[in-house]
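Here is a friendly walk through one structure, written for someone who likes to check geometry. Keep the viewer open as you read.

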Amino acid sequence: MTDSTYRTVLVPIASDEDAAVTGDAVSSRFDEATIIAVYVVEKAGGAPDTAGVEQREEFARGLFETFERHFRDGNATIRNRIAYGTNVAKTLLEVAADEDAEAIVFVPRGESRWRQLLTGDVARKLLNQTDRPVLILPRETDE
Amino acid sequence: MSDEELAKDLGLISALAVGIGTMVGAGIFVLPGVAAAEAGPAVVLSFLIGGCIAMVNAFSVSELGTAMPKAGGAYYYINRGLGPLFGSISGMGDWMGLAFASAFYCIGFGGYLTTLLSGVVVPLPVVGTVDLLPSIVLGPLVLSDIQMGALLAGIVFVGVNYIGAKETGGVQTAIVTLLLGILTIFAIVGFFSFDWGTVTADGLTPEGTTAILPGTALVFVSYLGYAKIATIGEELKNPGRNLPIAIIGSVAIVMVIYSILVGLMVGIIPYDSISESTPMSDVAEIIFEGNLGVIGVTSITLAALLATASSANASILASARINFAMGRDKIVTDWLNEIHPTFATPYRSIALTGLMILFFIAALGSDLEVLAKAASVLHLVVYALINVALVVFREADVPEYDPDFTVPFYPITPILGFGLSLGLIYFMDTIEIALGLSFVVGAIVWYGVYARDKTDREGALSNYILSRSDELPDAAVSAANVASPSGESQYKVVVPVSNPRTESDLLSLASVFAKANDGIVQAVHIVEVPDQTPLSEGSEHMRQIDTESQQLMERVRESTDTMDVPVDVRTIVSHRAFEEVFDVARREKADKVVMGWGPGRPWSAGRAERPLDELAHDLPCDFLVFHDRGLETDRVLVPTAGGPDSDLSAEVARYLRDQLGSEITLLYAVDGDDEAAAGERFLTEWGAEHGLEDAAIRIDTSGDVEGAIEGAAREHSLIIMGATERGLLSRLVRGSIAYDVVHDVECSVLMAERPTSRSVRERLFGLRRDE
């Protein structure tokens, strides 16, 4: 199934598993589109971060590799972008605006309420604040 | 705001807050009691002397920090400067030092927590009532209520960092401002309770003047915060300006605070009766008596909790940064530096550091002094090494070393810093020195057993010694050799670039080779300047060249598809571009050099001064010379007649096929049709031997090698040609290349030359010198 109405979509990824699952899910779904995989380095905005910036940039590059490995065929172009911001959801929306993305695409992470509480539930904030379509894809199960 | 500005979001105030917040917790809230008992009222001098030692080192840290604003701070500088052996010592030393310091801060926190909660009991069924912070006896291990409080605090601090609970910039600065506010009120109110008679009751130095320096050894832990600013140097805005101001400024500010407050304390309570675990609360009880009462005491106690907590917190963060920097150099395993998938924190590093902190609290927490001094010993060893690294960077003429801030009175300042740091260790007790040194020895063993085989990072010092092995004493050279890392060094493709605007193709090509070997590309912009232009380091002219070049190279790097291969960019200014190509290859221990050939490149003009044969007959590594007519790699022609250089052509062809999906055609020229079958057999075998079974085979029977290549070239986009005899490069330089074909064909040509076995052997055994 391809969804050819999109020319540019933004795909936020957060962890290695996420990158793999999302890579599978978006494969050959966006024909001829530009897929921008984005990782947000969360900043404390004036206090030392828990993990160094360089460390998370390296981490992000690893995620992009995983994403590309899992992304199969299709005529889509993949681009990567590391973004920085104190609020992950807000930063994603800013990047989407900057890249003129028509949609933000992600696969639900299946996190427990407890973890969402600890990490601030980016997905919910994104849904509440979004100014453009957000496409939620199912996990690929027929491997 | 640009990404750069967003990534670097620590301004001067935040950086100062980190420095002050880390330091103030220990010095003023925990140590005055113990230290005053040891040194008498002259303990103020102990604090001042400690501050001066910290200040001298702060200058050195500032210079190195502005030259390399990188995660890891001291470890990073020492590893770059003195190599991975000392890097291991400083990394482990800093890490353990921070763990000791954190344990110490937690104990301080525990003391105040106990004060706050003393008498609070928890009713439990069956048992009756239990203190909220009970003492526990576990076999030989006795945990006091303070230790229990400290353990609790440690678990919370580590947990918070493990989860990465969000701390916003405002909070950190607000805490420090609040602290400074409370301390100011404390000082003003305290001034009225100050009595000079209390200070001089037993004379200023009742414990003797000889007690002052041991006092300094004890309180030095109060100054360990400034170097934390350096470990987060990568996140600082405008580090060239803010880093030195924050480091030197925070030392100066806490020095003043310590002196005033400790001075007041010994004038309020006799030096030998100040509480050893919660001095500030005790003093607060006296000075606030009658005016602010409970509020004053409670706010001081809360301030103490905040201060010790922020010290512990900053130390745990800093140790994760050091772990990361060590992991990047492969001195510790990458496993330790994994990022948590949900929390985005270096959770393993934090957990391990946390376990050590808890262990130190439980095992050594009953003696505050041991924790404080062990932390100081380890940090002092690191500070001593920092000063040595600074001198090495200055003296070894490291081209990349360009600090914005330079220490005054060089070389006196670093020498002084080195001497004072080691000197202060002398005033520690045997147990702390032994504890500290056992970690140093542990680090050396760790380097020998584990890291030496993994890391490939050499320091400026060993490069300096090994590159001058003729002039320096044998002992130094062999010592440098022994300490050198033996790790499999990374595959490196060096690209000498003359004009960054036109060399994008070269960079792409180099990336293909690097990618195939999991290696890196090092693009070196060689700027040739006339002999009259001096190459003096740091002159305005050189700096200008350097800045322009960096900008150009950065642009090329961005516009080139380098397949996610790490591309390192640097600039070299030289009088002799051609020689420089070889020097760079040798210095960088390149595996391959990919260079362009043709007009516009200084080396194409061939103004080499040294005998050409010496240069080009003795290649330091594989050389690939690209005659650029556009990089199209879809149809690649490999003419071959066997031989070592065609091995290299085959290798390159394989990379192009594997990485870019190029179609390969092998070409072999024979005399007449009757040899065609034999030719085909040869090519099939050759292809199989070189992993090119899938390549198309083309036999030319005209007997005219050059004609054959020219003919086949029309259907191909790139020709890879091995040098059939030695000295391809030297003939290129002389302009007497036998292959007119290079000029006649219309597609790009990549010429490959592999060093002769003779020069490889010579390279290995270092016999190359003075031929």
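## Helices, sheet and interface

The crossing of α16(B) and α18(B) is right-handed. Please keep in mind that this is a predicted model. Helix α16 of chain B covers residues 368–395 and helix α18 of chain B covers residues 430–449; the two pack at an angle of about 45°, and their axes are 8 Å apart. That angle makes α16(B) oblique to α18(B), because angles from 65 to 115 degrees count as roughly perpendicular and those under 35 as roughly parallel.

Which residues make this contact? On the α16(B) side they are B:Val370, B:Lys373, B:Ala374, B:Val377, B:Leu378 and B:Val381. From α18(B) come B:Ile431, B:Glu432, B:Ile433, B:Leu435, B:Gly436, B:Phe439 and B:Val440. By class, this contact has 10 nonpolar residues, one polar and two charged.

Leaving aside residues up to four places away in sequence, B:Ser366 touches B:Ser144 and B:Gln147.

Another serine, B:Ser559, sits in helix α22 of chain B, which spans residues 540–559. B:Ser559 is exposed, because 10 other C-beta atoms lie within 10 Å.

| Residue pair | Apart in sequence | C-alpha to C-alpha |
|---|---|---|
| B:Ser366 and B:Val142 | 224 residues | 8.7 Å |
| B:Ser559 and B:Ser504 | 55 residues | 7.8 Å |

Chain B also carries an open sheet of 10 strands with mixed pairing, in the order β7-β6-β5-β8-β9-β14-β13-β10-β11-β12. At its edges are β7 (567–574) and β12 (696–700) of chain B, each pairing on one side only. On average, and with direction ignored, neighbouring strands are turned by 25° against each other.

Within the sheet, strands β13 (residues 718–722) and β14 (residues 748–753) of chain B run parallel and are joined by five bridges. One of the residues involved is B:Leu718, whose bridge partner in β14(B) is B:Ser748. Helix α23 (residues 577–587) of chain B packs on the sheet and touches β5 (492–497), β6 (520–528), β7 and β8 (592–597) of chain B. The direction of α23 makes about 155° with that of β6(B). Helix α26 (residues 676–689) of chain B lies across β11 (663–669) and β12 of chain B, and runs at about 145° to β12(B).

Now to chain A, which has five helices and five strands. Along the sequence, chain A reads β-α-β-α-β-α-β-α-α-β. Of the 143 residues in chain A, 44% are buried. Among contacts in chain A with a separation of 6 or more, 86% join residues 24 or more positions apart.

How many residues bring the two chains together? In chain A, 27 residues are in contact with 36 residues of chain B. The elements of chain A that give two or more residues to its side are α1 (16–26), β2 (34–42), α2 (53–70), β3 (77–85) and α4 (113–119). With five residues, α2(A) gives the most to that side. The side of chain A that touches chain B has 10 nonpolar, eight polar and nine charged residues.

How values were computed. Residues numbered from 1 in each chain as written. Chains lettered and ligands numbered in written order. Predicted model: local features only at pLDDT ≥ 70, side-chain atom pairs only at ≥ 80, totals over all residues. Axes fitted to C-alpha atoms, helices over the stretch in contact; angles between N-to-C directions. Helix = DSSP H or I, 4+ residues; strand = E, 2+ residues; numbered from the N terminus. Parallel < 35°, antiparallel > 145°, perpendicular 65-115°, else oblique. Left-handed = near helix turned anticlockwise from the far one by under 90°. Contact = placed C-beta atoms within 7 Å. Nonpolar A, V, L, I, M, F, W, Y, C, P; charged D, E, K, R; others polar. Pairing = 2+ DSSP bridges. Buried ≥ 20, exposed ≤ 12 C-beta atoms within 10 Å, placed from the backbone.
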